[in-house]
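Start with the sequence and the model.

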Amino acid sequence: SVTSLVLSALVCRPEKRIQASITPHVGASGAVFGVFATVALLFPDSQYNIMFIPYPIPASTLLPSLVALDMFGVAYGYFRHSMFGHWAHLAGVGCGYAYHKYLINTNPIAKRIEARNRNRR
């Protein structure tokens, strides 16, 4: 989580200079995305409730949807100023994916969870 926080801040900073943004970006949303990506990859059947959406969304649908939304935000942000740190979110997801792979290779509990997930598919 700290790694995704640092990496997302490092990725977001040059992007804001390119856009000549004068608004500061503060927060840990990149780290939150990293933790969410790790949990969503380990438990793809978990359900998430989002405010104003009346039904739960599985992690296997929510994670790709959020990544697609941020990729659209990156593309749209180059043509128009965006107040969200889309690059930070994507860097957090990348760190979460890398940490997920690390856990699978080193943690016996994560290996069992991943094997169980593969058997369900």
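A residue counts as buried when its relative accessible area is under 20%. The model is predicted. N117 has a relative accessibility of 4%, so N117 is buried.

**Around N117**

N117 sits in helix α5, which covers residues 108-120. A polar atom of the N117 side chain lies 2.6 Å from the backbone oxygen of L42. Leaving aside residues up to four places away in sequence, N117 touches L41, L42, F43 and P44.

**Overall layout**

The protein chain has five helices and two strands. From the N terminus, the order is α-α-β-β-α-α-α. Of its 121 residues, 35% count as buried. The accessible surface of the chain is about 8100 Å², and 68% of that belongs to carbon and sulfur atoms. Take the contacts between residues at least 6 apart in sequence: 60% of them join residues at least 24 apart.

**Aromatic pairs**

How many aromatic pairs are there when ring centres must lie within 6.5 Å? The count is two. A pair of aromatic rings is described by the distance of the centres and the angle of the planes.

| Pair | Centre distance | Plane angle | Class |
|---|---|---|---|
| F36 and Y48 | 5.2 Å | 80° | edge-to-face |
| Y99 and Y102 | 6.0 Å | 25° | stacked |

The F36 and Y48 planes stand at 80°, and an angle over 60 degrees counts as edge-to-face, so this pair gets that class. The pair links distant parts of the chain, with F36 in helix α2 (residues 29-42) and Y48 in strand β1 (residues 47-48). The two residues are twelve residues apart. F36 is buried, at a relative accessible area of 15%. Y48 is partly exposed, at 24% relative accessibility.

For Y99 and Y102 the planes are at 25°, and an angle under 30 degrees counts as stacked, so this pair is stacked. Both residues lie in helix α4, three residues apart, about one turn of the helix. An α-helix has 3.6 residues a turn, so residues three or four places apart point the same way. Y99 is partly exposed at 43% relative accessibility. Y102 is partly exposed too, at 49%.

**Helix α4**

Helix α4 runs over residues 86-106. Its 21 residues should span 30 Å at 1.5 Å a residue. The end C-alpha atoms are 30 Å apart, which agrees. Buried residues in α4 include H86, H89, C95, H100 and I104.

Notes
Residues numbered from 1 in each chain as written. Predicted model: local features only at pLDDT ≥ 70, side-chain atom pairs only at ≥ 80, totals over all residues. Heavy atoms only, no water. Helix = DSSP H or I, 4+ residues; strand = E, 2+ residues; numbered from the N terminus. Buried < 20%, exposed > 50% of the residue type's maximum accessible area, 1.4 Å probe, protein only. Polar contact = N/O pair within 3.5 Å; in protein donor to acceptor, adjacent residues only side chain to side chain. Contact = heavy atoms within 4.5 Å. Expected span 1.5 Å × (residues − 1). Areas by Shrake-Rupley, 256 points an atom, 1.4 Å probe, with all protein chains shown as cover.
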